[in-house]
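Hi,

Here's the structure I said I'd pass on. Have a look at it first, then read my notes below.

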Amino acid sequence: MADVRILTGNEAAAMGVKLCRPGVVAAYPITPQSQLAEILSRYVEGGEMRAEYVRVEGEHSALTVCISASTVGARTFTATSSNGLLYMHEQLHWAAGSRLPVVMCVVNRGVGAPWSIFNDQQDSLAQRDTGWIQFYCRNNQEIIDTLIQAYRIAESLYIPVMVCYDGFVLSHTMMPVDIPDGDMVRGFLPPYKAHTILSPEAPRTINSVLFPWRRPDPEGVLRDGYMEMRYKLEAAMKKALPAIQEANDDFARIFGRDHGGLIWTYRSEGAELLFSGIGSIANEATVAADLLRDEGIPAGVLGVRVYRPFPRQRVIEATQGARAVMVLQKGTSYGYEGCLTSDFKASLYESTLRVPVVDVVAGLGGRDVKAREIADAGKRAWKELEEGKLKTHSLWLNCYTGEDDAE
Amino acid sequence: MQNNIFKINETEYILPGSRACQGCGLTLAYRYMLKALRENTVLTIPASCLCVLHGLYPITPVTVPCLNTTFASTAASASGIAAGLAAMNKSDITVVAMAGDGSTYDMGIQALSGAAERNTDFIYVCYDNEGYMNTGTQRSSATPMGALTSTTPILTKEHTKKDFVRIMEAHELPYLATTSPSYPIDLYDKFVKAKRIKGTRYMHIYSPCPPGWLFNTKDTIRIGQLAVETGIVVLFEIEDGKFRFTGRSKTLAERGKRQPVVNYVSRQGRFRRMSIEQLNRLQAWVDSRWADYLDRAES
């Protein structure tokens, strides 16, 4: 019988972590992640979960503990938000460069300054180039399911994985969650085997200095230079695209829930106005699509579940037939446009599609984004499109910019 | 302790081919430290002179397994290794974090203080060569007052060296000790002892550096000895809060014949712009600290 409980996103994440049985957990509290760190400490102290819980003095150390514990062969977990994630930045590169399958929850929150404890996705979007796989969840069920998939993907490819979900919108909101069976999770997720173990039995210096070129070892065999090692990370990222889909499909077969793999779509058939986005804002867009459909506008949603590696081919396929795309994101690349917008446009350049793409920056620092407001923006764009004068410059939704007065 | 060179472990853990500088005090100390710690030891180190000593991939002269980590994270890395080994039910491995003064006194102090407060089961070793020597001899908070460095190139360093051992002592550790490569048996004995103790152990190696301190490479041992003879460096250990002089510092404390600091300072090019006023301040600082240690040894 299904074990369905009403859980917050953080509670669902904690349950997911427990099911994956990491040997080492290291975390430092930060809003809105704190509840997750608290629940895990309760699990460990109460004997519900057998893990070493290292209550570190900062996020830089939290990820370092995971990196080094992973190097001696332990499965590891950490979680953070916002400035905590920024503080980890150096170690994000180190984890990926070391090819360690650390799994981390990022409970998305705006970054300072000025301070905001509320949700946007600037924190993890800004970590795009660190070599981590990034998942964005739509609801609490997807958080627990994605965590289980994340460990399998990370440990088969030796790439660290971020499981991102929106602060408060998901982390503190209760939803029914079907808890996967522990034995079935064990069947789905084989034990972690480190690629290079730090151990007295096979002494080696790990991650020592490399010169730019390849060098022979004492037996005369040419060994990788820095660039070859980095290329291997890139090659593994390419392999991650099918591996993520496979893990998703396997999971769907065993547990009966399919989250789409790399992308998901909603009413995309015949959709001429396509909303795209990541995380809960894309979920909100499904309601907006319904509203527009009710008014006769053929709208749909293309949700990007995996932001890195970017599912370029899947995005192109799902955009066929669209006359305009509105990319919604809770973050931006200052001086240009939202990075999801840029990546979306760049993907289309690889195809014959020439679809106008509207950059929509929304919900920064927790600014509310209602389905009605997304629908209104969609309606305006549709009208402009019909009149042949669609504006594609960045639209800051629900933000007083002073531009209305100037017009 | 038996003051006898023949008791030292004959196995070498650093093979020929190290990339350390000629006359490097760290290399000598590292050699005796590894001999004392023996097999079943794992190390973690940051970017440092020690990282350079370990050589360029895919070749290393060091036979002890070693994990490189970032500059601020050495002690956190040891925490991760210790936690990982505990999770894997491996309890017989000695975990050692080793970093220079730059990444101990400056950037790594947070991670070290955190790991020490948690009484993480590891040995932290700071080899103190009094500056960022690997990056070209810049000033650190361990650089002594009056020294020229590449970032105090004209006026010399104005501030007194941070007393880091006192900071570590405030963490109420089971064992702390100061050592010098000029006194290898004292160093060896302390590491043998540290290995047997559980919890966070802090070991300080005062490590003369010819290119950074500007003395002839043949004088490394002599400079290290003069540091102890003048009381600039004091050899001691603190076990469960109990202070004890050791080695040469013990005989100096008992017979009271410290040399003036000028004998140490005048042998190094880095102090060539030191003023008389600075020299007097340094002597006063050494005298006052020495008096404190004498008080502690007696009580």
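This is a predicted model: local features need pLDDT of at least 70, side-chain atom pairs count only at pLDDT 80 or more; totals for chains, interfaces and linings use all residues.

Seven strands of chain A make an open sheet, in the order 3-2-4-5-7-6-15, and the pairing is mixed. At the edges you'll find strand 3 and strand 15 (306-308) of chain A; each has a single partner strand, so one side of each has no neighbour in the sheet. From one strand to the next, the twist averages 20 degrees.

Helix 11 (residues 312-319) and helix 12 (residues 339-349) of chain A pack with their axes 9 Å apart, at an angle of about 80 degrees. On the helix 11 side of chain A, Arg312(A), Val315(A), Ile316(A) and Thr319(A) take part, and they meet Phe344(A), Ser347(A) and Leu348(A) of helix 12 of chain A. By class, the residues of this contact are four nonpolar, two polar and one charged.

**Where the chains meet**

Chain A puts 39 residues into the contact and chain B puts in 40. On the chain A side, the elements giving two or more residues are strand 3 (52-54), helix 3 (59-71), helix 5 (89-97) and strand 9 (205-206). Which of them gives the largest share? That's helix 3 of chain A, with nine residues. The side of chain A that touches chain B has 19 nonpolar, 13 polar and seven charged residues.

The chains also share strand pairing: strand 9 of chain A pairs with strand 2 (residues 66-68) of chain B in the parallel sense, over two bridges. Ile206(A) has Leu67(B) as its bridge partner there.

**Helices in chain B**

Helix 1 (residues 25-37) and helix 7 of chain B have axes that come within 8 Å and cross at roughly 40 degrees, and the two are therefore oblique to each other. The crossing is right-handed. Helix 1 of chain B brings Ala29(B), Tyr32(B), Met33(B), Lys35(B), Ala36(B) and Leu37(B), while helix 7 of chain B brings Pro184(B), Leu187(B), Tyr188(B), Phe191(B), Val192(B) and Lys195(B). Ten residues of this contact are nonpolar, none are polar and two are charged.

In helix 9 of chain B, the buried residues are Thr220(B), Ile223(B), Gly224(B), Leu226(B), Val228(B), Glu229(B) and Thr230(B). They pack against several elements of chain B, including helix 1, strand 6 (200-206) and helix 10. After helix 9 of chain B comes Gly231(B), with a positive phi near 85 degrees.

Helix 10 (residues 247-255) of chain B has Gly247(B), Ser249(B), Leu252(B) and Ala253(B) buried. Among the elements covering them are helix 7 (184-196), helix 9 (220-230) and helix 12 (276-298) of chain B. Just after helix 10 of chain B, Gly256(B) has a positive phi of about 65 degrees.

Cheers

Terms used
Residues are numbered from 1 along each chain as its sequence is written. Chains are lettered from A and ligands numbered from 1 in the order in which they are written. A residue is buried if 20 or more other C-beta atoms lie within 10 Å of its own, exposed if 12 or fewer, and partly exposed in between; C-beta atoms are placed from the backbone. Helices (H or I, at least four residues) and strands (E, at least two) are DSSP runs, numbered from the N terminus. Two residues are in contact if their C-beta atoms, placed from the backbone, lie within 7 Å. Axes are lines fitted to C-alpha atoms, for helices over the stretch in contact, and angles run from 0 to 180 degrees between N-to-C directions. Angles under 35 degrees count as roughly parallel, over 145 as roughly antiparallel, 65 to 115 as roughly perpendicular and the rest as oblique. A crossing is left-handed if the near helix is turned anticlockwise from the far one by less than a right angle, and right-handed if clockwise. Ala, Val, Leu, Ile, Met, Phe, Trp, Tyr, Cys and Pro count as nonpolar, Asp, Glu, Lys and Arg as charged, and the others, Gly among them, as polar. Two strands pair if DSSP finds at least two bridges between them.
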